[in-house]
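Keep the structure open as you read.

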Amino acid sequence: MLPYAAYLRVYEPLAAFSPRDQRIWTAYAESRDRPRRAGALRVEHGEAVHRLLRVPPSPAPEQESPNAYLRRVEDVLYVCPWQTRLRSWLAFASFRGGTPVKLADRFVPRAIAERTADDFDRFKRAGTSLRTYIQTSTWHVPTAWFVPFDSTERWLVLGGETPESGDPGAQAVAAPARNMLYVTSMAQARRRVARALGVIKRHAPDTAALGEFEEIGRWLEEFHPHSLVELDYGGLVHLMDDETLEADQSVAELAAALTGLDNGQEELAFAMYQRVVLRWRSIQALQSAN
């Protein structure tokens, strides 16, 4: 849970959950003690920092988080469970798989790392689903994440302002003082991803972006068809000033790139795509800045 991270989330309608979970989430939504949207990211980040600063560190919590992000649209409750333990396990497994052993041991002692891996293995052997409702990206927004959305679905809040537009749950959800969100229906998200995949397969089947788009498409297919999909710039808004945020039209530019590619306007397609890539490359470069 790094502070400079963006999130792609799916909110399923309450009816998509088991009767037991429906009771749990209904009670949770009515609770006055649950983290509100305005402070939820701070709570998640604080918990992660506390675990990693412990002596010895704890790569994953002992129990799964009882928290969730919530939205209400026309009296329907939508739920996006945090799944902090599962997401921590998956992130730690990826970290260990991509880091030399000696270097990894400097971050987490080997005995603790092996115990964490054993706990995750037992979880997997129990046959529990590894599906996550939240994808996380540090220091940038992956290009494929813009595909499920339309520019009219942007919800931009600069300090003390009213939402700019588009969010279907805007009236019901308290937002952080500064934020950038896109929210759409699952049906629209799947339709846009399918269209993008069709364009790329027809005109640029060898591009590296194809695999990323296919991965997003497969992930979205795992959820209830009446879900909501949300792109949250999260902590990345703190790497961008107000002017940069207002000028960020990555969703519209990528859509224009795909339309241009499909219409044979290759120069336009390339120019729009490069605007998106270069914008986020410059932000990602801040990771290694002094």
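Q: At what angle do H6 and helix H7 (residues 209-220) pack, and how far apart are their axes?
A: This is a predicted model. Two packed helices are described by the angle between their axes and the distance between the axes. For H6 and H7, the axes lie 10 Å apart and the angle is about 155°.

Q: Are H6 and H7 roughly parallel or roughly antiparallel to each other?
A: Angles over 145 degrees count as roughly antiparallel. The angle between H6 and H7 is about 155°. H6 and H7 are therefore roughly antiparallel.

Q: Which residues of H7 make the contact with H6?
A: On the H6 side, the contact uses Met 186, Ala 189, Arg 190, Val 193, Ala 196, Leu 197, Ile 200 and Lys 201. By class, the residues of the H6 and H7 contact divide into 10 nonpolar, 1 polar and 3 charged. The H7 side consists of Leu 210, Phe 213, Glu 214, Ile 216, Gly 217 and Leu 220.

Q: Are helix H6 (residues 186-203) and helix H9 (residues 250-262) oblique or roughly perpendicular?
A: H6 and H9 pack with their axes 10 Å apart, at an angle of about 45°. That angle makes the arrangement of H6 to H9 oblique.

Q: How many nonpolar residues does the contact of H6 with H9 have?
A: H6 passes H9 in a left-handed crossing. H6 brings Arg 195, Ala 196, Val 199, Ile 200, Arg 202 and His 203 to the contact, and H9 brings Leu 258, Thr 259, Leu 261 and Asp 262. Of the residues in the contact of H6 with H9, 2 are polar, 3 are charged and 5 are nonpolar.

Q: How far apart in space are Arg 195 and Thr 259, C-alpha to C-alpha?
A: Arg 195 sits in helix H6. Apart from neighbours within four places in sequence, Arg 195 is in contact with Leu 258 and Thr 259. Arg 195 and Thr 259 are 64 residues apart in sequence, and their C-alpha distance is 9.9 Å.

Q: What does Arg 195 count as, at 38% relative accessibility?
A: Buried means under 20%, and exposed means over 50%. At 38% relative accessibility, Arg 195 therefore counts as partly exposed.

Q: How far apart are the axes of H9 and helix H10 (residues 266-284)?
A: The packing angle of H9 and H10 is about 150°. That makes H9 roughly antiparallel to H10. The crossing of H9 and H10 is left-handed. The distance between the H9 and H10 axes is 7 Å.

Q: How many charged residues does the contact of H9 with H10 have?
A: In H9, the residues that meet H10 include Ser 250, Glu 253 and Leu 254. In H10, those that meet H9 include Glu 266, Arg 275, Arg 279 and Trp 280. By class, the contact of H9 with H10 has 10 nonpolar and 2 polar residues, and its charged residues number 4.

Q: Is Glu 74 buried or exposed?
A: Glu 74 is found in the loop between strand S2 (68-73) and strand S3 (76-81). Its phi is positive, about 50°, although Glu 74 is not a glycine. At 75% relative accessibility, Glu 74 counts as exposed.

Q: Is Gln 83 buried or exposed?
A: Gln 83 lies in the loop between S3 and helix H3 (84-97). Phi of Gln 83 is also positive, near 50°, in a residue other than glycine. At 11% relative accessibility, Gln 83 counts as buried.

Q: What distance separates the C-alpha atoms of Pro 109 and Pro 57?
A: Pro 109 is placed in the loop between helix H4 (101-107) and helix H5 (110-125). At 35% relative accessibility, Pro 109 counts as partly exposed. Pro 109 and Pro 57 are 52 residues apart along the chain, and their C-alpha atoms are separated by 8.3 Å.

Q: What percentage of the residues in the chain are buried?
A: The chain has 10 helices and 7 strands. Its accessible surface comes to about 15,100 Å², of which 52% belongs to carbon and sulfur atoms. Of the 290 residues in the chain, the buried share is 46%.

Conventions
Residues numbered from 1 in each chain as written. Predicted model: local features only at pLDDT ≥ 70, side-chain atom pairs only at ≥ 80, totals over all residues. Heavy atoms only, no water. Axes fitted to C-alpha atoms, helices over the stretch in contact; angles between N-to-C directions. Helix = DSSP H or I, 4+ residues; strand = E, 2+ residues; numbered from the N terminus. Parallel < 35°, antiparallel > 145°, perpendicular 65-115°, else oblique. Left-handed = near helix turned anticlockwise from the far one by under 90°. Contact = heavy atoms within 4.5 Å. Nonpolar A, V, L, I, M, F, W, Y, C, P; charged D, E, K, R; others polar. Buried < 20%, exposed > 50% of the residue type's maximum accessible area, 1.4 Å probe, protein only. Areas by Shrake-Rupley, 256 points an atom, 1.4 Å probe, with all protein chains shown as cover.
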